[in-house]
Amino acid sequence: MARRPARLRSRVEGSDVQTPPFAFHVMVKPRGAVCNLACEYCFYLDKKRLYPDETAFRMPDAVLERFTRDYIHAQGVPQVNFGWQGGEPTLMGVEFFRRAVDWQARYARRGWHVLNSIQTNGTLLDDEWCEFLREHRFLVGLSLDGPKELHDAYRRDRSGRPTFERVMRALRLLQEHCVEFNILCVVNRRNGDCPLDVYRFLRTQGVEFIQFIPAVGRREDGSVTDWSVLPEQYGEFLCDVFDEWADNDVGRVFVQTFEVALGIWLGRGAGLCIFGETCGNALALEHNGDLYSCDHFVFPEYRLGNIMTTPLGELVRSPVQRAFGWDKRARLPKRCRECKVLFACNGGCPKDRFRETPEGEPGLNYLCEGYRQFFTHIDPVMRRLGQELVTGGVRPGADRPRIG
């Protein structure tokens, strides 16, 4: 089992723990950690151990309906984003999601906009799935780590067979059915050395929206796994792709990290929790209704409660969850607080803040050097792009829900 993050203890008390923004996001795991693949770097597969007596790992209709109702009613903005993840959510079958959208229609308030996104490995997609996704305007996050030899390095099925050809079939189906999709590319120790091979491959496949997600895993002894991307490797990966993108693809290909950075340089905020000053508004719902503080903190000590016994909104607004979110800022080490790129990275995701600073203070992000390299590298170009955007010379990326 992967090493779990240390339990965070808030330094903010009393009136400092504020109520959340009106909008929050929940990543829904309708089949829990069950998946038809066995990707070597997956951090979620071992979550089945949290439910040793469970055999089905299927979200009951009662939980689905309760979540749908409460999730919509607890929001304070007229746009609600349902995010379906796993494990592999398509294992639930199309009919489950037909019921989901039916209940969304039933409980949506007049004039409100309900959106759906689904993260999938794509191996189970077929024409029926794609017709449904297109009809109901689902945004699909398809996992693809680059060309065949790079993708198959870690993404294999439960029998050890490669998955590249099946994922490429899914990509073609999504394109043929005009289903809106993002590519989720996990940057790991293997493909991290081939940034332009990965980026150019995705671009030649007609991909227009890409998310580059760093693979970081820890063993029980605290060391990082062999598949984890190295900090400097990740920084160089992002810098090389950024240069290619800035020279050739601005306004044509939208890379989430670059779009988020541009928003930061324009003073519009991060728009992505890992770079936000605080967090706590992106939670995870297990198949049985258990709600956890975050997708990366699905451990017993971060279980907030169950939505079948406590209203969802009450759990999200609980002092425990608010303290979890405010800890992201409160526990920054001095080195981070004095860093010139703090405005851009804000210490990164708390799950990766397991290193000590050279001064011996805990809480330094494992990817710190990579982030420092990247944000320093892009500064001149971001200033120029920001100015061009203000004067109308650059088309920003579409406002799309975050998949991963």
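1. His 151 sits in helix α4, which covers residues 148-151; helices here are DSSP runs of H or I with at least four residues, strands are runs of E with at least two, and both are numbered from the N terminus. At 0% relative accessibility, His 151 counts as buried, a word that stands for under 20% relative accessible area, with exposed for over 50% and partly exposed for what falls in between (1.4 Å probe, protein chains only). Apart from neighbours within four places in sequence, the contacts of His 151 (heavy atoms within 4.5 Å) are Ser 143, Leu 144, Asp 145, Gly 146, Thr 163, Phe 164 and Val 167.

2. A word on the basis of these points: this is a predicted model, in which local features need pLDDT of at least 70 and side-chain atom pairs count only at pLDDT 80 or more, while totals for chains, interfaces and linings use all residues. Residues are numbered from 1 along each chain as its sequence is written, and side-chain values use heavy atoms, with hydrogens and water left out.

3. Helix α7 has 18 residues, and the distance from its first C-alpha to its last is 26 Å, close to the 26 Å expected at 1.5 Å a residue, where the expected span is 1.5 Å times one less than the number of residues. Among the buried residues of α7 are Tyr 234, Phe 237, Phe 242, Glu 244 and Trp 245.

4. Gln 233 belongs to helix α7 (residues 231-248) and is buried, with a relative accessible area of 8%. A polar atom of the Gln 233 side chain lies 3.1 Å from the backbone oxygen of Arg 189. Once neighbours within four places in sequence are set aside, Gln 233 is in contact with Asn 188, Arg 189, Gly 192 and Asp 193.

5. Helix α8 (residues 256-265) is mostly covered, with 9 of its 10 residues buried, including Phe 258, Leu 262, Ile 264 and Trp 265. The cover over the buried residues of α8 includes β6 (209-214), α7, β7 (254-255), α12 (342-345) and α13 (368-390). Gly 267, which follows α8, has a positive phi near 80°.

6. Trp 326 is found in helix α10 (residues 319-330) and is buried, at a relative accessible area of 16%. The C-alpha atoms of Trp 326 and Thr 278 are separated by 5.3 Å, although these residues are 48 residues apart along the chain.

7. The structure holds 0 disulfides, a disulfide being a pair of cysteine sulfur atoms within 2.5 Å.

8. A search of the whole structure finds 2 cavities of 30 Å³ or more, where a cavity is a set of points, on a 1 Å grid over the protein atoms alone, at which a 1.4 Å probe fits but cannot get out, and lining residues have an atom within 4 Å of a point. The largest cavity holds about 110 Å³ of space, and of the 13 residues that line this cavity, the closest to its centre are Cys 336, Cys 339, Val 341, Cys 345 and Cys 368. Two or more lining residues come from each of α11 (334-337), α12 and α13, and the largest share, 3 residues, comes from α13.

Technical notes:
Polar contact = N/O pair within 3.5 Å; in protein donor to acceptor, adjacent residues only side chain to side chain. 1 Å grid on protein atoms, 1.4 Å probe; cavity = no way out; pocket = protein on both sides within 12 Å on 5 of 7 lines; lining within 4 Å. Points joined across faces, edges and corners; volume = space filled by probe spheres on them.
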